[in-house]
Amino acid sequence: MLVQACLLSFLSVSMLVLWAWSQRDRSARQRVERDLIRKSLASIQVDEGIDDAAILRDETLSGIGPLDAFLNSLKMAANLKRLISQADLPLKVGTLLMMMLVLGAAGVFSGVALGLGWPVAIVLGVFAGSLPYTWVVICRKRRLARFESQFPEAIELMSRSIRAGHAFSAGLKMVADEMP
């Protein structure tokens, strides 16, 4: 029992250290990218409404290189990336999977530590590990519900704009400016 608790503690601390290391590396890379963007934009006249950071798109699935390469080979990772994007959350697939893994391990560890037995501990781990995924799905459903409630009003605004003689792109800009 003590050996299992030590093993789970070691794995949890190892995952935490890997996550912290990847965050440090990513923040330095982001700082360099931001500086390069600012320097390149300084030489080009750009509208004030454009966000400097929106020009570069981060297509990585994880801040950890080997994990990113592994996730790129999985179809499930592309589905998770689409789900996170639809939920409009600032997460990466690797972060979501890491949260699921850590919470799952914590659930199993808690079940074992409380003396509930391995079957109950595993069920508790599966439940705890599924919480981040469930949270992303709920955020996605809320966002799509907001979109569906605002869509008729946005179409009406665009149609009035086009009837008034504005270009289609001007109607889209009007919707973007006036709708939440």
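## Patch, cores and salt bridges

Helix H5, residues 118-163, gives the most to the nonpolar patch, with 4 residues. The model is predicted. The patch lies on the surface and is formed by Leu103, Leu114, Leu116, Val120, Leu124, Phe127 and Leu131. Together these residues have about 620 Å² of accessible area. Leu131 is found in helix H5. Leu131 counts as partly exposed because its relative accessibility is 40%.

The largest nonpolar core has 12 residues in all, including Leu71, Leu80, Ile84, Val93, Leu96 and Val136. Helix H3 (75-87), helix H4 (93-113) and H5 each supply at least two residues of this core. H3 gives the most, with 5 residues. Ile84 is part of this core. Leaving aside neighbours within four places in sequence, Ile84 is in contact with Leu89, Leu91, Lys92, Val93, Leu96 and Val136. Another core, of 5 residues, lies apart from the largest one. Among its residues are Ala154, Leu157, Val175 and Met179.

How many salt bridges does a search of the whole structure find? The search finds 2. Here they are.

| Side chains | N to O distance |
|---|---|
| Glu156 and Arg160 | 3.9 Å |
| Lys173 and Asp177 | 3.2 Å |

Glu156 and Arg160 are 4 residues apart in helix H5, so about one helical turn separates them. Glu156 counts as partly exposed because its relative accessibility is 39%. Arg160 also counts as partly exposed, at 44%. Lys173 and Asp177 are 4 residues apart in helix H6 (residues 168-178), so about one helical turn separates them. Lys173 and Asp177 are both exposed.

Methods. Residues numbered from 1 in each chain as written. Predicted model: local features only at pLDDT ≥ 70, side-chain atom pairs only at ≥ 80, totals over all residues. Heavy atoms only, no water. Patch = residues over 30% accessible without salt bridge, like charges linked within 9 Å, V, L, I, M, F, W, Y side chains within 5 Å. Areas by Shrake-Rupley, 256 points an atom, 1.4 Å probe, with all protein chains shown as cover. Salt bridge = Lys/Arg side-chain N within 4 Å of Asp/Glu carboxyl O. Buried < 20%, exposed > 50% of the residue type's maximum accessible area, 1.4 Å probe, protein only. Core = buried A, V, L, I, M, F, W, Y, C linked by side-chain atoms within 4.5 Å. Contact = heavy atoms within 4.5 Å.
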